Amino acid sequence: MEPLIFDLSVPGRKGIHLPEPDVPLADMPGELLRDSLPLPEVSQVDVTRHFTRLSQLNMAVDTTMYPLGSCTMKYNPRVNEDAARLTGFAAIHPLQDERTVQGAMYLMHELQKYLAEIAGMSAVSLQPAAGAQGEFTGILMMRAYHADRGDHKRTKMLIPDSAHGTNPASSAMAGLTVVELPSDKRGNVDLNALKANLDDTVCGLMITNPNTFGMFEEHIEEVCQLVHEAGGLVYGDGANMNALLGIVKPGEIGFDVIHYNLHKTFSTPHGGGGPGSGPVAVNDKLKDFLPGPIVRVRESEDGEALCEWYTPPKSIGRMRAFHGNFGMLIRAYTYICVHGEAGLRAVSQHAVLNANYVQARLKGVYHFPHGERFCMHETCAQGKVEGAPEVVALDISKRLMDYGFHPPTNYFPLPKLVPEALLIEPTETESKETLDRFCDAMLRIAEEARSHPEWLKEAPHTAPLKRLDEVKAARELVLCCTIRD
Ligand SMILES: *Cc1c(COP(=O)(O)O)cnc(C)c1O
């Protein structure tokens with residue numbers, strides 16, 4: 001166990017000297033003073049080392065490749081941070097008069113425009129705070145659209161079985177009944193099952209493309225057409241946009257609404273519960289229902305461009321306080337400007353190339369359920385090794401940590417679809433050398449699984465803590481330390 005900062009305390013030791021006060025000393029009211037306030041008494045060097053060491057106990061994208069499928073843990077360029085720290089952005093207040101924050105509003109306006117263009121949609125709201133809230137926003141808009149047309153029967157949401165858990169959760173939160181659609185052998189949504197479930201009670205279909213097997217839906221245009229013919233709308237879960245930038249526009253395929261995860265596709269830092277951002281982009285059918293406030297530009301009396309807040313006429317209302325996670329909007333905007341159109345296209349091309357490289361190198365040794373197809377930006381393997389029946393995906397993941405790699409996503413897609421799933425997403429920001437080191441480690445682990453399975457069963461050997469109850473750790477976070485007497 002790492003020591004607590006209190007364990008390093010020595011009575012009388014100090015980290016800094018406070019300057020002499022330059023105001024007269026005043027008496028504090030006695031009832032506000034505590035008799036005892038245990039604080040650690042430590043030197044500056046001890047504090048610095050303690051917290052720097054703690055910061056290195058977790059694996060992080062700044063220290064290692066982080067191939068966490070579906071989450072797009074790409075490198076966060078530092079120029080994004082420079083932009084977000086500019087005083088004109090970092091020191092403004094959301095209640096300031098709009099005439100004094102025109103630059104910030106213009107940035108939001110430009111980001112709305114870029115995100116609409118990338119998705120092939122007509123309008124964007126930057127409000128939602130994460131992908132899941134973007135889903136909830138989109139579904140509320142779909143409901144409002146049907147209600148506005150007097151069509152009140154539409155209470156069903158169709159969702160493929162490969163979907164992320166937030167999809168059925170958001171639909172249920174919005175009061176809809178979820179109908180699960182099976183996948184076919186090639187990793188597409190099953191067209192016959194879709195047709196069998198389409199009727200006038202369908203609110204819409206919620207689908208991720210490429211899906212969470214890392215497969216591009218081969219019939220996606222037909223899927224959208226079928227849903228539309230039945231009077232439903234198509235929701236696109238845009239978490240996997242890293243495969244499509246500058247290549248495929250969901251709006252042109254037939255999607256009516258998608259959310260982005262700026263913290264995935266556009267490199268704003270996430271993990272450890274950090275701030276997300278889940279803007280929604282919609283086509284003409286849904287643009288009047290977007291949550292406000294949105295930024296629009298109009299011409300002032302003296303001919304100047306002026307940004308103003310705007311809430312669409314049939315808006316579903318606010319989804320969040322103020323104006324979204326503004327710091328993340330700055331970072332995503334910076335990322336888009338730095339890359340430009342050709343750069344964004346290259347991001348997706350390299351993300352797809354890297355995932356296929358990993359798939360090709362691991363294919364003979366690990367089983368890829370859809371390995372007969374090229375994958376998109378991520379690939380789904382089975383964490384099983386021939387000749388090592390007791391070894392499971394979790395053992396391989398934990399052993400990867402000994403080799404200095406963050407594990408891939410485990411047990412998603414669900415075990416009923418891919419037993420012992422390892423969803424590997426290398427991202428475009430890894431070099432060929434790093435991809436090779438990762439593949440070498442995976443191949444060596446497969447050998448170890450046969451020769452020394454206990455090395456895997458007992459892994460990780462290098463981490464400060466071994467196997468944790470991850471559900472308990474997430475649900476019952478301990479955020480403060482108990483002071484030992
Ligand atoms: C990450 C993810 C989500 C949820 O997004 P959050 O930003 O974590 O709320 C939804 N669907 C898919 C496929 C994802 O990978």
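1. Helices (H or I, at least four residues) and strands (E, at least two) are DSSP runs, numbered from the N terminus. This is a predicted model, where local features need pLDDT of at least 70, side-chain atom pairs count only at pLDDT 80 or more, and totals for chains, interfaces and linings use all residues. Residues are numbered from 1 along each chain as its sequence is written, and side-chain values use heavy atoms, without hydrogens or water.

2. Look at helix α5 (residues 131–148) and helix α6 (residues 166–173). They pack at about 45°, with axes 9 Å apart. Axes are lines fitted to C-alpha atoms, for helices over the stretch in contact; angles run from 0 to 180 degrees between N-to-C directions. That makes α5 oblique to α6. (Under 35 degrees is roughly parallel, over 145 roughly antiparallel, 65 to 115 roughly perpendicular, and the rest oblique.)

3. Which residues of α5 and α6 make the contact (heavy atoms within 4.5 Å)? From α5 come Ala132, Glu135, Phe136 and Ile139; from α6 come Thr166, Asn167, Ser170, Ser171 and Met173.

4. The structure holds 6 aromatic pairs. Rings of Phe, Tyr and Trp (its six-membered ring) pair if their centres lie within 6.5 Å; planes under 30 degrees apart are stacked, over 60 edge-to-face, and the rest tilted. Phe89 and Phe326 are edge-to-face, at 6.0 Å centre to centre and 70° between the planes. Phe89 lies in helix α3 (residues 87–90) and Phe326 in helix α11 (residues 326–362), so the pair ties together parts 237 residues apart in sequence.

5. Tyr260, Phe266 and Tyr335 form one aromatic cluster.

Terms used:
Contact means heavy atoms within 4.5 Å.
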